[in-house]
Every structure is written in structure tokens, then in C-alpha cells.
Amino acid sequence: MDLTYYGDITKINPKGASTKTSLQDQLKVSGVAASQSLVAADLAELGKLKNIIVKVGESLNISPALIAAIASRESRAGRLIKSTQGYGDGGNGYGIMQCDINTSGVDWKKHAWDSEGHIKQAIQDVLIPKITGVQNKHPNWTKEQQLQGGIAAYNFGVKNVQTVAGTDVGTTGDDYSNDVIARAQHLIDCHGW
């Protein structure tokens, strides 16, 4: 197990959530403080999933805090989609990881929306290929830049990851990777993930 295999999430300096993202919880702040507040609001739900998230992360060499942060960003760790049997994004996203159901060749519904199988499938079939896609597209970037690009690509595809400075331009809220990374770092620093 090497949780820094794809890059060390603790070595990235994220900007945190945009004003648009922070308004989800009517926060009066943006940036890292907003990301910390957003993920803190999801701690109870994330706690219910912690054992399986840790198991998946360790088996796939991905920081469990990163997985939890994506779940927090995508579905508020399931809070936003419990009443829809796991569907969000107008019926186009599935599970706490909100995987695009239109991805060809992938049966997202073979696992319950909040199960270990779903989380593993999302990391194995979406996040890791996005990270490796950015590695191939930008071989001269550092591992941490490639990791951040892969996180952004989870939201809007590898083809849209163009520059280090503009990694999040075009992602939801124009802040996807910066927000997710700030949430993950808060889980590591303050909550033992």
C-alpha cells in the first residue's frame, strides 16, 4: 500500500471552494475555510462509510481522504441523493461518487449506490484512469500536479485539463480539484483520515 503512489495530496496547496460552491451551505466565506466547513458538515455520513472507504483506498493506493472528499463534493456523502435511490445530476449521476451513468461499457447499477463495490468501481474505473490520462497527457508535470489534474478530470474529463494554473477552469464551480483537495486535507489534518 502506497497512498502517495499517484502523488501526495498533502503537498498540494489548494485554493479551496469558490463562492458559488460555498453558497451550497450559505457560507459567508470561500476558499479553504469554506471547503473545511463543507466537509465538516458531511462528517456524520462519511463516518458511516469510513471503513469501506479506507479499505478501497488502501487496496487501490488512493488516499481514503481523497475518496471521502470526492463523496462529500459529489453527493454530500449521500445526503443529497438518499431520496432518489442514489441518482443525482438530473438522473445522469449514480451513487455517492456520482458516476456518469452514460459512460459506455460500465454498469454502475450492479452495486448499491452507497456500497463498497460502488466506491471501488468509481475509483478503479473513473478516478485512476483520469489520473493516468493526465499523466500521459502532461508527462512533465509533477506527480502532485498530475494528481490534481486527474481530480479535475473526474469532473470534466482529461481533454479539458490544459494547464497547471487553469486546472479547474470549466469544472463545476471552476474549483473542483481545489475544493476536493482542501476537503481531503482537512479530513487528514483534523479528523484522522
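Predicted model: local features only at pLDDT ≥ 70, side-chain atom pairs only at ≥ 80, totals over all residues.
## The loop between H5 and H6

The side chain of His138 reaches the backbone oxygen of Val161, at 2.9 Å. His138 itself is found in the loop that lies between helices H5 and H6.

His138 has a relative accessible area of 11%. Buried means under 20% relative accessible area, and His138 is therefore classed as buried. When neighbours within four places in sequence are left aside, the residues in contact with His138 are Gln146, Val161 and Gln162.

## The packing of H5 and H6

H5 covers residues 116-137 and H6 covers residues 143-156; their axes are 8 Å apart and form an angle of about 130 degrees. The two helices are therefore oblique to each other. The crossing in which H5 passes H6 is right-handed.

On the H5 side, the contact is made by Ala122, Val126, Leu127, Lys130, Ile131, Val134 and Gln135. On the H6 side, Gln146, Leu147, Gly149, Gly150, Ile151, Ala153 and Tyr154 take part. The residues of this contact divide into nine nonpolar, four polar and one charged.

Glu144 is placed in helix H6. Apart from neighbours within four places in sequence, Glu144 is in contact with Gly7, Asp8, Lys11 and Ile12. The C-alpha atoms of Glu144 and Met1 are separated by 18 Å, and these two residues are 143 residues apart along the chain.

## Ser177 in helix H7

Ser177 has its place in helix H7, which comprises residues 176-191. Is Ser177 buried or exposed? With a relative accessible area of 0%, Ser177 is buried.

Two polar contacts of the Ser177 side chain can be described. One, of 3.0 Å, joins Ser177 to the side chain of Gln148. Another, of 2.8 Å, is made with the side chain of Asp168. If residues up to four places away in sequence are not counted, Ser177 touches Gln148, Ile151, Ala152, Thr167 and Asp168.

## Positive phi angles in two loops

Gln26 has a positive phi of about 50 degrees, although Gln26 is not a glycine. This residue is found in the loop between helix H1 (19-22) and helix H2 (32-40). Gln26 is exposed, with a relative accessible area of 60%.

Asn61, also not a glycine, has a positive phi of about 60 degrees. Asn61 lies in the loop that connects helix H3 (43-60) with helix H4 (64-75). The relative accessibility of Asn61 is 22%, and this residue counts as partly exposed.

## Ala33 in helix H2

Ala33 lies in helix H2. A relative accessible area of 41% makes Ala33 partly exposed. The C-alpha atoms of Ala33 and Lys15 are separated by 9.6 Å, and the two residues are 18 residues apart along the chain.

Definitions and conventions: Residues numbered from 1 in each chain as written. Heavy atoms only, no water. Axes fitted to C-alpha atoms, helices over the stretch in contact; angles between N-to-C directions. Helix = DSSP H or I, 4+ residues; strand = E, 2+ residues; numbered from the N terminus. Parallel < 35°, antiparallel > 145°, perpendicular 65-115°, else oblique. Left-handed = near helix turned anticlockwise from the far one by under 90°. Contact = heavy atoms within 4.5 Å. Nonpolar A, V, L, I, M, F, W, Y, C, P; charged D, E, K, R; others polar. Buried < 20%, exposed > 50% of the residue type's maximum accessible area, 1.4 Å probe, protein only. Polar contact = N/O pair within 3.5 Å; in protein donor to acceptor, adjacent residues only side chain to side chain.
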